[in-house]
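These are my notes for a first reading of the model. Please keep the structure open beside them and look up each residue as it comes.

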Amino acid sequence: MKKSTLFFFLLFTIVSFAQKPCEKDPIYNQFDFWIGEWKVYDLKGNLAGQSKITKILDNCVVLEEWTSAKEQQGLLFSGKSFNSYNSATKQWQQNWIDNTGGSTEYLTGHFENDAMHFISRPFNNGGKTTSVRKLTFYKLKDGKVRQHGEISNNEGKDWVTEYDLEYRPEN
């Protein structure tokens, strides 16, 4: 009896640790509406680029792989974002890195009303100006996703659109 009890305890322990922690909690699936392969358009209907969104690291990270449709100053602009839920801070985060050496950290984010909302940490925007970025992903009813990037130069009192994009499924 003791041997079978010990066996079942060990088996339960092994199975418990073998489960992937990000698959247990549905909060890690809040950004799944963005997963897919997309053609991305600006508000005028011009192709802006392509984006492939996948889950990596045992479904703990939403990875974006972006490539612009046209060269800018002789370079196809490309970048990656790593999106994850930080269980310690109870916030979604995004880290964007691109092939021009640019990066943006959005350390506070949350999912609300079918949209993922991010705010960047303040950064020096040249000279004496400190700016903050806001990034919102809207889950649209027709299977599309809207990405709206904004910037504020006065601590979030006023916002100016930097870009407004529509993700359309490739298929």
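**Notes on the model**

1. Glu 166 and Arg 168 form a salt bridge, with their closest N and O atoms 2.6 Å apart; a salt bridge is a side-chain nitrogen of Lys or Arg within 4 Å of a carboxyl oxygen of Asp or Glu. Salt bridges that share partners join Asp 142, Lys 144, Glu 166 and Arg 168 into one network. Glu 166 is partly exposed at a relative accessible area of 23%, and Arg 168 is partly exposed at 29%. Here buried means under 20% relative accessible area, exposed means over 50%, and partly exposed lies in between (1.4 Å probe, protein chains only).

2. A word on the source: this is a predicted model, in which local features need pLDDT of at least 70 and side-chain atom pairs count only at pLDDT 80 or more, while totals for chains, interfaces and linings use all residues. Residues are numbered from 1 along each chain as its sequence is written, and side-chain values use heavy atoms, with hydrogens and water left out.

3. The chain has two helices and eleven strands. Helices (H or I, at least four residues) and strands (E, at least two) are DSSP runs, numbered from the N terminus. Read from the N terminus, the order is α-α-β-β-β-β-β-β-β-β-β-β-β. Of the 171 residues in the chain, 29% are buried.

4. How many salt bridges does the structure hold? The count is ten. One of them joins the side chains of Glu 162 and Arg 133, at 2.7 Å from N to O. Glu 162 lies in strand S11 and Arg 133 in strand S9, so this pair ties together parts that are 29 residues apart in sequence. Glu 162 is partly exposed, at 36% relative accessible area.

5. Asp 164 and Arg 146 form another salt bridge, with the closest N and O atoms 2.8 Å apart. This pair also links distant parts of the chain, since Asp 164 is in strand S11 and Arg 146 is in strand S10 (residues 145-152), 18 residues apart. Is Asp 164 buried or exposed? Asp 164 counts as buried, at 12% relative accessibility, while Arg 146 counts as partly exposed at 26%.

6. The largest nonpolar core has 21 residues, and Phe 31, Trp 34, Phe 118, Phe 137 and Tyr 167 touch the most other members. A nonpolar core is a set of buried Ala, Val, Leu, Ile, Met, Phe, Trp, Tyr and Cys residues joined through side-chain atoms within 4.5 Å. Among the elements that give two or more residues to this core are strand S1 (36-41), strand S9 (130-139) and strand S11 (160-169). Leaving out residues up to four places away in sequence, Phe 137 touches residues including Phe 31, Trp 34, Phe 118 and Arg 146; contact means heavy atoms within 4.5 Å.

7. Strand S4 (residues 75-86) and S5 run antiparallel and are joined by eight bridges; two strands pair if DSSP finds at least two bridges between them. Ser 84 has Gln 93 in S5 as its bridge partner. The hairpin of S4 and S5 has four residues between the strands, and Lys 90 takes a positive phi near 60°.

8. S5 also pairs with strand S6 (residues 103-112), in the antiparallel sense, over four bridges. Trp 96 stands opposite Thr 104 in S6. S5 and S6 form a hairpin with four residues between them, where Gly 101 in the turn has a positive phi of about 90°.
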